[in-house]
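Let's take a walk through a protein model together.

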Amino acid sequence: MNPGDYVKEAYRCILRSDFEEAIVCFEAAIAADPNDPEVRYRCSITYARSGKLEKAAEHARAAVKLDGAKPDYRLHLQHLQAMLHVQEAKRLLEEAIGHRSNPYRPITLLKEAVKLDPLYGDAYVWLAIAYSRVNDPLAAIAAMKEVIMLHPDDEGLKELMKDLQKSLQKYVQ
């Protein structure tokens, strides 16, 4: 089969919600033509939907390397990098409970995630959590305000904000 046939088959698989088989087809198309940035980009999206962020980022970087002028490729790569930073920060925050690790490393990662993708709400929520872990409720509240501006109708975020504000009142007293 030629690369286009593999891509068509990948889309058929996606329509059947068979993302694993779609990845196999995209990988076959890439093996047949490794210099097609659009196939790399589409493969990256499929990997990301399957929760395989490292592989998704690998293909997104390849797409950007092959055609850095296309904004979609760059934005997708930035979003994936932000997701990877959040994933690492969450791991560090979960690991840090009871351990003596650098409590500011997750904050650094999350601030970078926000810079890479200012519309990625999870990054702000985790940033608020990270700030609250280092007893910086004002910064935590500021992060929550940002995500609430992005998602004004999310009641869960508003509840989390109330909890942070209560902790600030305790902190001030």
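Some ground rules come before the tour. This is a predicted model, in which local features need pLDDT of at least 70, side-chain atom pairs count only at pLDDT 80 or more, and totals for chains, interfaces and linings use all residues. Residues are numbered from 1 along each chain as its sequence is written, and side-chain values use heavy atoms, with hydrogens and water left out.

Start with helix 2 (residues 19-32) and helix 3 (residues 37-49), whose axes are 9 Å apart and pack at an angle of about 155 degrees. The word "helix" here stands for a DSSP run of H or I with at least four residues, numbered from the N terminus. An axis is a line fitted to C-alpha atoms, for helices over the stretch in contact, and angles run from 0 to 180 degrees between N-to-C directions. Helix 2 and helix 3 are therefore roughly antiparallel to each other (that label is for angles over 145 degrees). Helix 2 passes helix 3 in a left-handed crossing, meaning that the near helix is turned anticlockwise from the far one by less than a right angle.

Who does the touching? On the helix 2 side you'll find Phe19, Ala22, Ile23, Phe26, Glu27, Ala29 and Ile30, and on the helix 3 side Val39, Arg40, Arg42, Cys43, Thr46, Tyr47 and Arg49. Contact means heavy atoms within 4.5 Å. Sorted by class, this contact has 9 nonpolar, 1 polar and 4 charged residues. In that sorting, Ala, Val, Leu, Ile, Met, Phe, Trp, Tyr, Cys and Pro count as nonpolar, Asp, Glu, Lys and Arg as charged, and the others, Gly among them, as polar.

Now look for His59, which sits in helix 4 (residues 53-66). Is His59 buried or exposed? His59 has a relative accessible area of 1%, so it's buried (buried means under 20% relative accessible area, exposed over 50%, and partly exposed in between, with a 1.4 Å probe and protein chains only). Leaving out residues up to four places away in sequence, His59 touches Glu27, Ile30, Arg40, Cys43, Ser44 and Tyr47.

Another histidine, His85, lies in helix 5 (residues 71-96). At 23% relative accessibility, His85 counts as partly exposed. Again leaving out residues up to four places away in sequence, His85 touches Leu109, Glu112, Ala113 and Leu116. His85 and Glu54 are 31 residues apart in sequence, and their C-alpha atoms are 11 Å apart in space.

Leu109, Ala113 and Leu116 take us to helix 6, where they are buried, along with Pro106, Ile107, Leu110 and Val114. Helix 6 (residues 105-116) and helix 7 (residues 121-133) have axes that come within 9 Å and cross at roughly 155 degrees. Helix 6 and helix 7 are therefore roughly antiparallel to each other, and their crossing is left-handed. Pro106, Ile107, Leu110, Lys111, Ala113 and Val114 in helix 6 meet Ala123, Tyr124, Trp126, Leu127, Ala130 and Tyr131 in helix 7. These contact residues divide into 11 nonpolar, no polar and 1 charged.

The expected span is 1.5 Å times one less than the number of residues. Helix 7 has 13 residues and should span 18 Å; its end C-alpha atoms are 19 Å apart, which agrees. Buried residues of helix 7 include Tyr124, Leu127 and Tyr131.

Helix 7 has another partner, helix 8 (residues 137-150), with axes 8 Å apart and an angle of about 165 degrees. Helix 7 and helix 8 are therefore roughly antiparallel to each other. The contact is made by Gly121, Tyr124, Val125, Leu127, Ala128, Tyr131 and Ser132 of helix 7 and Ala139, Ala140, Ala143, Met144, Glu146, Val147 and Leu150 of helix 8. It divides into 11 nonpolar, 2 polar and 1 charged residues.

Last stop: the loops. Most residues other than glycine have a negative phi. Asn135, in the loop between helix 7 and helix 8, has a positive phi near 55 degrees. At 54% relative accessibility, Asn135 counts as exposed. Ser17, in the loop between helix 1 (3-15) and helix 2, has a positive phi near 60 degrees. At 52% relative accessibility, Ser17 counts as exposed too.

Conventions: Helix = DSSP H or I, 4+ residues; strand = E, 2+ residues; numbered from the N terminus. Parallel < 35°, antiparallel > 145°, perpendicular 65-115°, else oblique.
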